[in-house]
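Take a walk through this protein model.

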Amino acid sequence: MHSVWAITKNTLAQALRMKVAGAVIVLLAVLLPLMSVVMQGDGTLLGKLQTFVSYGLGLVNLLLCLLTIAVAAFTLSNDLKRRHLYLVVTKPVARYQVIVGKLLGILLLNVVLLGVFGGVIYGCTWVVYRYADAADPQRQRVAVEFFTARSGLKAQYDQEAVRKSAEQRFKELQQSNQLPRDMSQVRILSELMGQERMVAKACPPGQAKRWDFDGIRLAAANDPNALIFIRYKLEATAVLADNRIYGMWRIGDLRQLDAGVEQIVTPIFQSERDDVTRTYHEFAVPAQALAEDGYLGVAFFNNPSLNPTTVILEDVEVLFQSGTFTGNFLRALAMIYVRLAFLTALGVSLTTWLSFPVAILVCLAVFFAGLTNTFILESFDGIENVTGMIYNFTLRPLLWMIPKFDGLYNPSTYVINGRLIEGVFLLTSALITVGIKGLAVALFGMWVFSRREIAKAVV
């Protein structure tokens, strides 16, 4: 253990002496406070905070990832090139201890830098909020939409009914010989299912659409000022002159209306709104609308006198507070640290059998592939027949080994939208990225390094 700690301290000191480390530290120390002052977003206090935190976390993530790649690819290759390692391997130090020491040194460096600059972003965020010249309504909006951590329940549709409807339409088209000749049956069925999903989301004029949500649990159940948010996006099947849709919403325990009770126990709130199409909207209702068992009903009525068209309700979701901003911000930093840990293992492992230039190029390729991994996988999912089979057994496993850094794995998206990073999701991501992929890469590097010839004896 003493040998590992000695290598760890040496690696840490070696990293801090690198010019690239100094450049990254200076850049972040200067740019982060400057960004908190300069960035304005959409001109509102919420837009300013969201813009700063998004770009701030993005900058910290990018620069620390690049620094980690540079240090991890440099430290072992430099020791081999300059023959510093010759003095170590002749002592009673196992080669795996050298790798472990290198890994720990870079991981400790990342803990310090991520903690310091994450703290800078957190502190600047509160300073901007406290001293910004903003009206009380803007501050209240920031408090409920930004300085919070909300969980969401999305509206679910009967997938089995959608599948059966699509299969029935497919049979009808097949019997009438109307199937497109230039499309495979799998592709046609997929298109039909998409159309049926659109029908399930449609609300014709004069009709209502209702969703039932269960299992809602508020973090502050006894807070009389607690709010529940309804988030959605509207589309129209016809062109509207002003691109606005008018509708009436009802939120509460709608089961009371189904039962025909004479006296409403849980309040039902009504909201008349006019919203621009193709844009996400949110509105809040008091948490008193929530039933004691965690049930909430949401209904939308398409007024035929105001909307002469069918309305498509996309991504209807109920948002409710389930955590704090501070806890969520720490989870976001943990997500960044997970990718730093993987890049550390990858960089050190590659330098056990590749030169520094090749190792750093491979690390950069993996990093940027991770930033677009979800897009790449979705692009290949449409491949069919023989090409699809070849892809599933060759390229797909390789892409699986590359961690995802985009989409659901982008931490800044959660923070700026006040979305809770679930603990189970974070632990699962860390287990797969570091515990499985990172560990496999590190163990492979140890195995290669234990069999590598460091130097030849000359007689």
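What follows goes from overall figures to single residues.

This is a predicted model, so local features need pLDDT of at least 70, side-chain atom pairs count only at pLDDT 80 or more, and totals for chains, interfaces and linings use all residues. Residues are numbered from 1 along each chain as its sequence is written, and side-chain values use heavy atoms, with hydrogens and water left out.

The C-alpha atoms fill a box of roughly 100 × 65 × 40 Å along the principal axes. The protein has 16 helices and nine strands. These are DSSP runs numbered from the N terminus: helices are H or I with at least four residues, strands are E with at least two.

Next, burial and surface. Of the 459 residues, 43% count as buried. Buried means under 20% relative accessible area, exposed means over 50%, and partly exposed lies in between (1.4 Å probe, protein chains only). The accessible surface comes to about 24300 Å², by the Shrake-Rupley method with a 1.4 Å probe; for residues, only the protein chains shown count as cover. Carbon and sulfur atoms hold 60% of that surface.

Contacts come next. A contact means heavy atoms within 4.5 Å. Among contacts between residues at least 6 apart in sequence, 81% join residues at least 24 apart.

Now look at the sheet. Four strands form an open sheet in the order β3-β8-β5-β6, with antiparallel pairing. Strands pair if DSSP finds at least two bridges between them. The edge strands are β3 (208–213) and β6 (269–276), and each pairs on one side only. Eight bridges join β5 (residues 244–252) to β6.

Which residues does aspartate 212 contact, leaving aside its neighbours within four places in sequence? They are Tyr295, Leu296 and Gly297. Aspartate 212 sits in strand β3. Its C-alpha atom is 7.3 Å from that of tyrosine 295, 83 residues apart along the chain. Aspartate 212 counts as partly exposed because its relative accessibility is 44%.

Finally, check the backbone. Most residues other than glycine have a negative phi. Arginine 278 has a positive phi near 60°. Arginine 278 lies in the loop between β6 and β7 (280–286). Arginine 278 counts as exposed because its relative accessibility is 65%. Aspartate 315 also has a positive phi, near 50°. Its place is in strand β9 (residues 311–323). Aspartate 315 is partly exposed, with a relative accessible area of 26%.
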